[in-house]
Amino acid sequence: MSPRSDDDERFHAFVARSTAPLTRLAYLLSGDQHLAGDLVQNCLIRLYGAWPRIRDQDAVDAYARKVLLRCWLNERRRPWRNRESRDGVIPEHAVPADDPAGAVHDKETIRVALDGLPPRQRAAVVLRYWSQHSVTETAAILRCSEGTVKSQSARGLAALRAALGAEALEEQTR
């Protein structure tokens with residue numbers, strides 16, 4: 001077997017095990033399932049190009065998350081994304097009968113609240129509290145200081161609390 005076919009086999013195994021977690025992370029960052037799929041595809045394309053140079057297979061998951069975050073940040077900078085209007089009417093989602101606790105509603109509420117955060121705050125909150133990276137790791141991924149991560153995380157959490165508190169207040173007044 002050639003070295004490239006070994007690399008291809010390792011890459012295919014990586015893709016098989018990590019596509020779902022990367023897609024969940026991309027969805028949390030973007031708030032759009034279709035964009036999340038596109039981001040994961042772009043991430044995997046970039047990873048495939050760099051795959052023969054990746055020697056530390058233990059760090060490949062962290063590297064993939066970093067590439068995914070860079071793809072998302074690059075996508076946010078695209079000018080046509082800024083002109084896109086997302087203020088259309090979204091139909092209400094019924095809570096399925098097998099979900100009496102309303103977990104689907106809670107997920108949608110959190111997704112909408114995350115969508116309201118600025119990109120850096122959202123990235124800091126998702127990386128710190130969803131992906132459970134340390135402040136140091138998050139700072140390295142975002143290429144900023146640890147103080148910036150702490151302030152962006154604090155502001156993002158405060159905004160989420162305010163948004164979720166307003167949602168709870170709105171629910172009570174209905």
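Over which ring does the charged end of Arg128 sit? The charged end of Arg128 lies over the ring of Tyr129, at 5.3 Å from the ring centre. A charge is taken to sit over a ring if NZ of Lys or CZ of Arg is within 6 Å of the ring centre and within 35 degrees of the ring normal.

The model is predicted, so local features need pLDDT of at least 70 and side-chain atom pairs count only at pLDDT 80 or more, while totals for chains, interfaces and linings use all residues. Residues are numbered from 1 along each chain as its sequence is written, and side-chain values use heavy atoms, leaving out hydrogens and water.

The aromatic residues come next. Rings of Phe, Tyr and Trp (its six-membered ring) pair if their centres lie within 6.5 Å; planes under 30 degrees apart are stacked, over 60 edge-to-face, and the rest tilted. The count is 4 aromatic pairs. One of them joins Phe11 and Phe14, a tilted pair with 6.5 Å centre to centre and 40° between the planes. Because Phe11 and Phe14 are 3 residues apart in helix α1 (residues 3-30), about one helical turn separates them. Helices here are DSSP runs (H or I, at least four residues), numbered from the N terminus. Both Phe11 and Phe14 are buried, where buried means under 20% relative accessible area, exposed over 50%, and partly exposed in between (1.4 Å probe, protein chains only).

Phe11 also pairs with Tyr48, edge-to-face, at 5.1 Å centre to centre and 65° between the planes. Since Phe11 is in helix α1 and Tyr48 in helix α2 (residues 33-50), this pair ties together parts that are 37 residues apart in sequence. Phe11 has a relative accessible area of 7% and is therefore buried, whereas Tyr48, at 33%, counts as partly exposed. Phe11, Phe14, Tyr48 and Trp51 belong to one aromatic cluster.

Turning to the cysteines, the count is 0 disulfides, a disulfide being a pair of cysteine sulfur atoms within 2.5 Å. Cys43 is in no disulfide, and its nearest cysteine sulfur, that of Cys71, is 5.4 Å away. Cys43 has 0% relative accessibility and so counts as buried.

Finally, the helix packing. The axes of helix α3 (residues 60-76) and helix α6 (residues 119-130) come within 11 Å and cross at roughly 160°. Axes are lines fitted to C-alpha atoms, for helices over the stretch in contact, with angles from 0 to 180 degrees between N-to-C directions. The crossing angle makes α3 roughly antiparallel to α6; angles under 35 degrees count as roughly parallel, over 145 as roughly antiparallel, 65 to 115 as roughly perpendicular and the rest as oblique.

Notes
Helix = DSSP H or I, 4+ residues; strand = E, 2+ residues; numbered from the N terminus.
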